[in-house]
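Colleague: Could you take me through one spot in this model in detail, then work outwards from there? I'd like the cut-offs as you go.

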Amino acid sequence: VVYTQSEILQREVYLFERLDSPNREPMKHLKAICFLRPTKENVELLVQELRRPKYSVYFIYFSNVISKSDVKALAEADEQEVVAEVQEFYGDYIAVNPHVFSLNLLGCCRGRSWDPAQLTRTTQGLTALLLSLKKCPMIRYQLSSEPAKRLAECVKQVITKEYELFDFRRTEVPPLLLILDRSDDAITPLLNQWTYQAMVHELLGINNNRIDLSRVPGISKDLREVVLSAENDEFYANNMYLNFAEIGTNIKNLMEDFQRRKPKEQQKLESIADMKAFVENYPQFKKMSGTVSKHVTVVGELSRLVAERNLLEVSEVEQELACQNDHSSALQSVRRLLQSPRVSELDAARLVMLYALRYERHGSSGLPGLLEELRGRGGTDRYRKLVSAVVEYGGKRARGSDLFSPKDAVAITKQFLKGLKGIENVYTQHQPLLQETLDQLIKGKLKDSQYPYLGPNTLRDRPQDIIVFLIGGATYEEALAVFNLNRSNPGVRIVLGGTTIHNTRR
């Protein structure tokens with residue numbers, strides 16, 4: 001996710017092994033650098049390794065705080081004195097974008113409370129993040145969420161216990177950690193996306209920057225799995241937050257630029273200088289050709305899926321459900337799409353979920369009828385159960401915030417004007433709840449009664465360094481909102497994290 005293999009090769013690291021892979025050959029002429037999470041299993045594997053070392057010297061780096069007793073166990077195993085150093089190098093999380101991180105955890109809660117192992121892992125991930133960014137924050141959490149309070153307390157405990165590690169130079173305005181719960185906004189992860197990165201994750205799935213394209217009709221062998229990383233792919237870096245229509249145009253320009261730079265087939269390599277020029281330009285050309293074929297394939301597959309699953313029409317109805325308040329029109333639209341053979345089962349279920357979240361308490365709710373149609377389509381009760389699970393998770397009873405109704409006249413006017421202004425793009429009217437929450441926070445208007453501070457101290461000034469963490473997963477739509485907030489608020493830095501990065505399937 002952070003380093004490409006070729007970058008590591010440039011540092012003269014030639015062999016990559018996992019500590020748990022059996023039958024590794026002893027290579028006493030090599031030095032080993034170990035980078036590990038400080039788990040019981042890893043320490044045990046390392047103890048076995050040091051008892052029978054396969055390499056001449058070991059440099060051991062743990063991605064988080066390691067206990068004294070574990071260090072002692074390693075020291076006792078190191079009878080041949082092959083360990084040159086042991087260090088803590090805080091990186092116990094996945095850096096997804098420059099302002100987004102994930103812990104790659106799916107299903108962190110059981111019902112409304114933490115799975116204990118996941119709570120421990122999340123606490124470790126968050127404290128490692130704070131240590132790597134050198135932040136000792138004040139903590140606020142969502143009052144309506146028991147898991148948010150528990151996590152806030154656990155992080156605070158670690159900061160108190162490891163106070164020497166957290167003794168950073170004080171900034172004028174202390175950093176702020178805001179802990180939120182996904183169940184407050186179950187709408188955002190259920191919507192189709194129309195910006196490049198979010199769309200790739202929604203339709204193809206991004207897993208540690210890797211995209212699985214093996215199901216694409218007629219795909220060539222070397223494109224079955226591709227890496228999309230803004231760190232070393234300029235086209236992706238420039239396009240990840242743009243709308244699908246703009247990406248189409250940019251792909252076309254990329255293709256034309258590539259055609260112009262193609263080495264002429266009939267180019268005569270007569271002199272040494274010709275050959276030298278060809279060899280010098282070839283790697284650049286090869287890299288560009290890889291970038292072009294990768295993005296043409298990805299965008300081509302996205303277009304195919306949009307057409308095949310009729311997603312423009314589906315997305316328009318999703319946006320109507322999320323952003324407007326016209327029950328009878330919404331119900332008609334959902335019914336119409338449920339009857340269309342071009343709408344996939346997943347998309348049909350998603351529409352019913354959105355309808356259920358939006359109109360669960362409506363006097364003339366059409367939900368029973370929609371659930372019957374859903375069952376008629378698939379012939380099973382599977383999606384029906386999922387719909388009620390989603391409502392139980394993120395319905396009105398579960399939410400601490402008012403997800404749908406703007407509270408005052410100003411907000412209603414704003415929404416109306418936004419509706420007028422946003423007519424040219426009906427597919428991206430929705431803004432995640434997180435955007436409003438962070439906007440309030442930046443302006444110093446986020447209510448203490450709903451998002452209390454942990455402990456007696458409160459922030460007098462407006463926050464400048466904000467880390468916001470979503471229990472139950474963040475989305476790329478929220479990543480886009482944070483990217484835009486960072487751009488439009490100079491002097492404010494926001495980092496977004498989640499237990500995972502969701503798309504509808506997840």
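Colleague: Setting aside its neighbours within four places in sequence, which residues is Thr437 in contact with?

Modeller: Leu178, Leu446 and Tyr451, once neighbours within four places in sequence are left out; contact here means heavy atoms within 4.5 Å. Some housekeeping before going on: this is a predicted model, where local features need pLDDT of at least 70 and side-chain atom pairs count only at pLDDT 80 or more, while totals for chains, interfaces and linings use all residues. Residues are numbered from 1 along each chain as its sequence is written, and side-chain values use heavy atoms, with hydrogens and water left out.

Thr437 belongs to helix α16, residues 433–442. Helices (H or I, at least four residues) and strands (E, at least two) are DSSP runs, numbered from the N terminus. With 7% relative accessibility, Thr437 counts as buried. The classes are buried for under 20% relative accessible area, exposed for over 50% and partly exposed in between, using a 1.4 Å probe and protein chains only.

Now for the helices, starting with α5. This helix takes in residues 146–161, and at 1.5 Å a residue its 16 residues should span 22 Å; the end C-alpha atoms are 23 Å apart, which agrees. The expected span is 1.5 Å times one less than the number of residues. Buried in α5 are Pro147, Ala148, Leu151, Ala152, Cys154, Val155 and Ile159. Looking down the axis of α5, these buried residues fall within an arc of 165°, so they line one face of the helix; the arc is that of the directions from the helix axis to the C-beta atoms. On the face turned away from that buried side, α5 carries the exposed residues Glu146, Gln157, Thr160 and Lys161. What do the buried ones pack against? Partners of the buried residues of α5 include α4 (116–132), β9 (176–181) and β13 (465–471).

Twelve of its 17 residues are buried, so α4 is largely enclosed by the rest of the structure. Among the buried ones are Gln118, Arg121, Thr122 and Thr123, along with Leu119 and Gly125. The length of α4 works out too: 17 residues at 1.5 Å each should span 24 Å, and the end C-alpha atoms are 24 Å apart, which agrees. The buried residues of α4 pack against β5, β7, α5, β9 and β13.

That brings in β5. Strand β4 (residues 94–97) and strand β5 (residues 100–102) pair in the antiparallel sense over three bridges, where pairing needs DSSP to find at least two bridges between the strands. They make a hairpin with two residues between them. Within it, Ala95 has Phe101 in β5 as its bridge partner.

Rings of Phe, Tyr and Trp (its six-membered ring) pair if their centres lie within 6.5 Å, with planes under 30 degrees apart counted as stacked, over 60 as edge-to-face and the rest as tilted. The count by this rule is nine aromatic pairs. In one of them, the rings of Tyr93 and Phe101 have centres 5.7 Å apart and planes at 70°, so that pair is edge-to-face. In another, the rings of Tyr241 and Phe483 have centres 4.1 Å apart and planes at 25°, so this pair is stacked. Tyr241 lies in the loop between α7 (234–239) and α8 (244–261) and Phe483 in helix α17 (residues 476–488), so the pair ties together parts that are 242 residues apart in sequence. Tyr241, at 17% relative accessibility, counts as buried, whereas Phe483 is partly exposed at 24%.

One last stop, Glu392 in helix α14, residues 382–394. At 64% relative accessibility, Glu392 counts as exposed. Neighbours within four places in sequence aside, Glu392 is in contact with Arg112 and Ala398. Glu392 and Gly111 are 281 residues apart in sequence, yet 9.4 Å apart in space, C-alpha to C-alpha.
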